[in-house]
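Subject: Structure for you to look at

Hello,

Here is the structure I promised to pass on. Please open it beside this email and follow along.

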Amino acid sequence: MKPKFSLKDDAFMIENYNQARPFSSFLPGIAGVFGKPMWVFYTNRGQCISSFGVRNKNGAMLEFYPANKAYALTPLLGFRTFLRFKKGGKWQVYEPFRMMACSDCRQILRIRAHEVELEEINRLLGLRITVVVFNAPNEDLPVLVRQVRVENIGKQIFKGELVDGLPQIVPFGLDEALLKQMSRTMEAFAEVPHLDERLPFFKLKTEPSDKPEVQWIEGGFFSFSLLGGKSLQILVDPESLFGTETSFQEPLLFASGKPVSSLPQRTESRFDCAFSCAPLQIPPRHSERLSSFYGQADTWGDASAFRQRVEVSSSYAEAKRDENASMLAKVTDIFAIHSASPELNAYSRQSYLDNVLRGGQPIILADGDISQVFHGYSRKHGDMERDYNFFELAPTYFSQGNGNFRDVNQN
């Protein structure tokens with residue numbers, strides 16, 4: 001199936017995107033003046049998100065890879081979704097957004113300035129799977145939001161189970177050099193406490209160094225998922241899903257029909273996964289929506305407080321998605337062109353946004369009669385193609401980062 005490219009409404013659309021020539025890009029990492037950003041890279045393979053984290057490559061939650069490796073590894077190590085159901089008395093597993101999609105599947109990638117959206121329609125199973133990924137703006141924690149919608153477009157009720165998440169998470173506190181060169185040794189430092197609270201905290205126990213002083217690590221990465229307003233159980237032991245399949249290609253244990261959520265889980269001395277699991281029962285013309293949150297907090301208590309705020313609002317993810325789109329539109333409104341050409345209109349906004357990310361956007365800070373100009377969002381953004389760049393997106397309010405004078409002058 002050949003890829004098809006088009007510009008529709010506010011999205012650049014690629015049909016059969018897995019068959020298109022690979023490319024790399026990133027979300028803008030703008031979380032608002034009073035928000036803390038995450039960096040997020042994506043490519044048109046699998047479920048697209050190839051890596052993300054806080055501050056720089058030393059704060060990766062999903063390991064950073066250069067473009068050539070990301071094209072190969074994103075379908076395996078990036079986000080994965082598995083649906084298990086019985087057909088003819090036998091268990092079957094369906095994974096949407098695979099590279100080799102079935103002939104009855106239609107895969108679509110929609111790229112917007114502020115988010116990435118995927119859609120797969122499987123006529124044989126009567127299912128439409130939609131995934132959207134975006135940053136949560138104006139939050140005091142860096143958070144990546146991911147929504148998965150399973151819609152029954154068939155004529156029969158769909159009964160099955162869903163697992164969704166990441167096969168491997170880098171524990172907080174692990175520098176990229178040690179991750180790349182001593183990952184086996186670093187597993188001994190890893191732990192995932194608070195699994196019973198359905199809010200696992202992925203971190204190193206102590207700072208991995210040869211200093212005589214022991215430096216305990218308090219911060220960590222967190223992950224939780226909500227379905228119907230309730231927190232789901234999280235699988236952190238990859239063996240409870242993949243069994244002996246250490247390449248993560250197929251979820252052998254899940255495919256066997258065993259109740260994976262009841263198995264004991266190992267939470268130390270390995271790089272663990274983060275898969276939420278839930279039963280599904282979807283009547284025709286109905287859908288279920290799973291909202292997952294991946295972020296970083298200085299303490300587990302901060303992560304727990306954030307989850308409580310999310311649980312209180314029944315539409316937190318939807319509201320943040322709208323807020324994120326509105327905030328990015330406000331940034332680019334300054335240079336927006338309104339013409340008879342949708343391509344020119346979209347180009348003008350994206351071109352201005354790219355330059356804001358290089359040299360910043362002027363913000364006037366006033367204190368009485370004294371005013372000062374602050375260039376918000378100014379930093380070097382990094383690039384999977386330019387893997388030598390050491391980018392930095394400070395997870396702070398008024399976030400900035402490192403950059404080059406030539407970028408500012410180019411702006």
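Ala-297 is found in strand β20 (residues 287-297). Helices (H or I, at least four residues) and strands (E, at least two) are DSSP runs, numbered from the N terminus. Before you go on, note that this is a predicted model, in which local features need pLDDT of at least 70 and side-chain atom pairs count only at pLDDT 80 or more, while totals for chains, interfaces and linings use all residues. Residues are numbered from 1 along each chain as its sequence is written, and side-chain values use heavy atoms, with hydrogens and water left out.

Is Ala-297 buried or exposed? Ala-297 is buried, because its relative accessible area is 0%. Here buried means under 20% relative accessible area, exposed means over 50%, and partly exposed lies in between (1.4 Å probe, protein chains only).

Which residues does Ala-297 touch, apart from neighbours within four places in sequence? They are Leu-141, Phe-201, Gly-219, Gly-220, Phe-222, Asp-302 and Ala-303. Contact means heavy atoms within 4.5 Å. Now find Gly-165. Gly-165 is 132 residues from Ala-297 in sequence, and their C-alpha atoms are 19 Å apart.

**Strand β10**

Next, turn to β10, residues 115-122. Eight of its eight residues are buried, so the strand is largely enclosed by the rest of the structure. In a regular strand the side chains alternate between the two faces of the sheet. In β10, Glu-115, Glu-117, Glu-119 and Ile-121 point one way. Val-116, Leu-118, Glu-120 and Asn-122 point the other way.

What pairs with β10? Strand β9 (residues 105-111) does, antiparallel, over seven bridges. Two strands pair if DSSP finds at least two bridges between them. Ile-111 stands opposite Val-116. A hairpin of three residues joins β9 to β10.

Strand β11 (residues 127-135) also runs antiparallel to β10, with eight bridges. Val-132 in β11 is the bridge partner of Glu-117. The hairpin of β10 and β11 has four residues between the strands. There, Gly-126 takes a positive phi near 70 degrees.

**Salt bridges**

How many salt bridges does a search of the whole structure find? The search finds 32. A salt bridge is a side-chain nitrogen of Lys or Arg within 4 Å of a carboxyl oxygen of Asp or Glu.

Start with Arg-106 and Glu-15, whose side chains meet at 2.9 Å, N to O. This pair links distant parts of the chain: Arg-106 is in β9, Glu-15 is in strand β2 (residues 11-15), and they are 91 residues apart. Arg-106 is partly exposed at 37% relative accessibility. Glu-15 is buried at 17%.

Then look at Lys-180 and Glu-176. Their closest N and O atoms are 3.6 Å apart. They are separated by about one helical turn, because they sit four residues apart in helix α2 (residues 176-181). Lys-180 is partly exposed at 39%, whereas Glu-176 is buried at 19%.

Glu-323 and Lys-320 form another salt bridge, at 3.2 Å, N to O. Both lie in helix α7 (residues 316-332), three residues apart, about one turn of the helix. Glu-323 is partly exposed at 28%, and Lys-320 is buried at 8%. Salt bridges that share partners also join Asp-10, Arg-112, Glu-115, Glu-117 and Arg-321 into one network.

Best wishes
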